[in-house]
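Colleague: I am new to this structure and would like to know what the descriptions of it rest on. Could you show it and take my questions in turn?

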Amino acid sequence: MKISLCTITFRHHLLSLEQIADWASRNGFQGIEIWGAHAQNIPFASGHDGRWLAGFGLSVPMISDYLPLENPDALTPKTTAVLHQARRWGSNNIRTFAGKTGSAAISVDDRTQITNALRAACAQIADQGCYLLIETHPGTLADTLASTIQLVEEVNHPALAINFDALHVWEGGEDPVAAQKILRSKIRNYHFKNIADRTQLPVFAPDNIYNAAGSRTGIVPLFEGEMSYDGLLANLKDMPDTPVSLEWFGGDVFETLQRDCAALHQMMSTGATQQLLHAS
């Protein structure tokens, strides 16, 4: 398992990428997942790119962005811009959400429009040897396992892949272990996070989580939440190069990331989940 931290964690922090990279390299991380808003605002003149980051022993598993699938006129130039960032950072994975409407609420015509836009973006991205990862996420067409499978079939393009956000799969009422087995051939990245109680999941709603004054109640370290990662991690033991990003939105950033990263490394080397829980 190759563990990355996400720069979105530091969206409200006054830190440079160099500071983040230096800390990550000294605390067990192998990569940094770069949020699209950060990537586009790091000047090229800074010399910061994939080669520079490799100097810290780090790589970029994914550029996490949001393609304007509802706006055909803006889609191609935005995709071009994100591809430029992917080349800059040496990543071949680009993340987006599958629209802004949940599968149960979207109309047939609007679903077709999103599907066509994803197929067009995939064609553009594939020309550069990259993959487009749709994230399993509420309020999108990848909000349930059934809809995610349907979307993959509808888009029907080899460049379409999945960023498997385990907690959101669980939020959608699925068993993440069973869902991971079904989607495994399409998964190219994982997001790991946890919540103290299922009733507190709305804390991750975009309007709240991106708000500097938003609530963080219920966000807890990886092995202290209601969702168990035991089975999912057991399935990943035979996938040593699997990219996993710790998507932390809470406080105590450095302490929590360091602790969760160390726990994951220990878990994958010993399988001692319960020992980790008792030691935490």
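Modeller: Here it is; bear in mind that this is a predicted model.

Colleague: What share of the residues is called buried?

Modeller: Buried means under 20% relative accessible area. Of the 280 residues in the protein chain, 52% are buried. The accessible surface comes to about 12100 Å², and carbon and sulfur atoms account for 52% of that surface.

Colleague: What share of the contacts joins residues 24 or more positions apart?

Modeller: Among contacts with a separation of 6 or more, 81% are of that kind.

Colleague: How many helices and strands are there?

Modeller: The protein chain has twelve helices and ten strands.

Colleague: Why are α6 and α8 called roughly parallel?

Modeller: Helix α6 (residues 145-155) and helix α8 (residues 176-183) pack at an angle of about 10°, their axes being 11 Å apart. Angles under 35 degrees count as roughly parallel, and α6 and α8 are therefore described that way.

Colleague: Which residues meet where α6 packs on α8?

Modeller: From α6 come L145, T148 and I149, and these meet A179, I182 and L183 of α8. Five residues of this contact are nonpolar, one is polar and none is charged.

How values were computed: Residues are numbered from 1 along each chain as its sequence is written. This is a predicted model: local features need pLDDT of at least 70, side-chain atom pairs count only at pLDDT 80 or more; totals for chains, interfaces and linings use all residues. Side-chain values use heavy atoms; hydrogens and water are left out. Axes are lines fitted to C-alpha atoms, for helices over the stretch in contact, and angles run from 0 to 180 degrees between N-to-C directions. Helices (H or I, at least four residues) and strands (E, at least two) are DSSP runs, numbered from the N terminus. Angles under 35 degrees count as roughly parallel, over 145 as roughly antiparallel, 65 to 115 as roughly perpendicular and the rest as oblique. Contact means heavy atoms within 4.5 Å. Ala, Val, Leu, Ile, Met, Phe, Trp, Tyr, Cys and Pro count as nonpolar, Asp, Glu, Lys and Arg as charged, and the others, Gly among them, as polar. Buried means under 20% relative accessible area, exposed over 50%, partly exposed in between (1.4 Å probe, protein chains only). Accessible areas come from the Shrake-Rupley method with a 1.4 Å probe; for residues, only the protein chains shown count as cover.
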